[in-house]
Amino acid sequence: MLALTGLPAACLLAQPTAPVAAPARIPATAPASALPAADAFFTDPALAETRALIVLQDGKRLYERYGSGIGPGTRLISWSMAKSITATLIGELVGDGRLELDTPAPVPEWRDDPRGRTTLRQLLHMASGVKHLEAGPAPERSDTNRALFADTSADIYKAAVAEPAEVPPGTRFQYNTLTSHILARLVSDFVAGPKATPDQRRRAVRTFINERLAAPAGMASLLCEFDPAGNFYGGSLCHATARDWAAFGQMYLDRGVVAGVQVVRPDWVTFVTTPSPTNPGYGGQFWLNRKPVDGKDEDLFWRAGPADAFAAIGHLGQYVIVVPSRRLVVVRLGKTQDEDLQPVRDALARLVNAFPAVAP
């Protein structure tokens, strides 16, 4: 997840599609035992600003509530949840036979140096081995922030492939948003062609997203951004309504099936939710509720929640959490500083644990 402390406030705002009144809890069917844990997101000051909370069980909306000025039609930013969107698109290309997990990723700029041995699987697992600074006490020095918003932002792919080799690929987990932008460029190269103009890239990738994901998954509001060179911001900047983020989670809960149609292959669902060799807490651009390689508790809630939970997670407390053993999807979108997220993680664990496991 990326740390953007100190960036302009405009970068951190919701993206409303139209002015809306702030509704109270939308009538649903959540069990009374779960209501305090859900309502706490809007009443507990320690959780900061929750803009939307949705709970689905077996595809039924049990709870839905929004913060002030936000409603069901408001697109809300993904931040790093976009990585899970990108992984889904990569999975489509793997399923089509156009990409392979265990061959070197087709990154022309890496072909003639040690980075050229990096496989697609290793990119998806954040194990490329390149030198990278994701975040730190000086946000203006972060490689990710520079490429998104500052001196290397004219072409985020160029910034990403310029990162030098530091350790052999596949030997170290290092969270790297620019890795996801390389994956996004691979999508572009296969659907638009490596010599496409920026405008051709934008149009081809938008069409691919709509035809292979947004339309069949029921995510009509999904809107992803592009840099000046036409590169899809596949690590950071997609927007959708809370209901459509919930639809994304439900698709993964149902092993890629939406309305009886196989949108994402079940073997791809298995791949992205399987612990990676360098970090048991990370799969294929999804976080897993397992003890991470560093032993910390900074992503989900492995000390307190079900081990089969997995999630798309973004900066400032964006979560799409899927819990197969409880047939749950929980979406929390909002703005809580990353260093203050532990109460949010604890509250999410309480909410998930308010629902018992269901029979397989």
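**Exercise 1.** In this predicted model, state which element gives the largest share of the lining of the largest cavity, and describe that lining.

*Solution.* 
Step 1. Strand β9 supplies the largest share, with 3 residues.
Step 2. Sorted by class, the lining residues are 7 nonpolar, 3 polar and 1 charged.
Step 3. The space in this cavity comes to about 50 Å³. In the whole structure, the search returns 3 cavities of 30 Å³ or more.

**Exercise 2.** Give the strand order of the open sheet of 6 strands, and explain why one side of β2 and of β8 is left without a neighbour in the sheet.

*Solution.* 
Step 1. The order reads β2-β1-β11-β10-β9-β8, and the pairing is antiparallel.
Step 2. Because β2 (60-66) and β8 (287-288) stand at the edges, each has a single partner strand, and one side of each lacks a neighbour in the sheet.
Step 3. Inside this order, β10 (residues 318-323) pairs with β11 (residues 328-335) over 5 bridges in the antiparallel sense. V320 has V331 of β11 as its bridge partner.

**Exercise 3.** Determine which strands helix α1 touches and which strands helix α8 lies across.

*Solution.* 
Step 1. Helix α1 (residues 35-43) packs on the sheet and touches β1 (49-57), β2 and β11. The direction of α1 makes about 30° with that of β2.
Step 2. Helix α8 (residues 242-253) lies across β1, β2, β9, β10 and β11. Relative to β11, α8 runs at about 145°.

How values were computed. Residues are numbered from 1 along each chain as its sequence is written. This is a predicted model: local features need pLDDT of at least 70, side-chain atom pairs count only at pLDDT 80 or more; totals for chains, interfaces and linings use all residues. Side-chain values use heavy atoms; hydrogens and water are left out. On a 1 Å grid over the protein atoms alone, a cavity is a set of points where a 1.4 Å probe fits but cannot get out, and a pocket is an open set with protein on both sides within 12 Å along at least five of seven lines; lining residues have an atom within 4 Å of a point. Grid points are joined across faces, edges and corners, and a volume is the space filled by probe spheres set on the points. Helices (H or I, at least four residues) and strands (E, at least two) are DSSP runs, numbered from the N terminus. Ala, Val, Leu, Ile, Met, Phe, Trp, Tyr, Cys and Pro count as nonpolar, Asp, Glu, Lys and Arg as charged, and the others, Gly among them, as polar. Two strands pair if DSSP finds at least two bridges between them. Contact means heavy atoms within 4.5 Å. Axes are lines fitted to C-alpha atoms, for helices over the stretch in contact, and angles run from 0 to 180 degrees between N-to-C directions.
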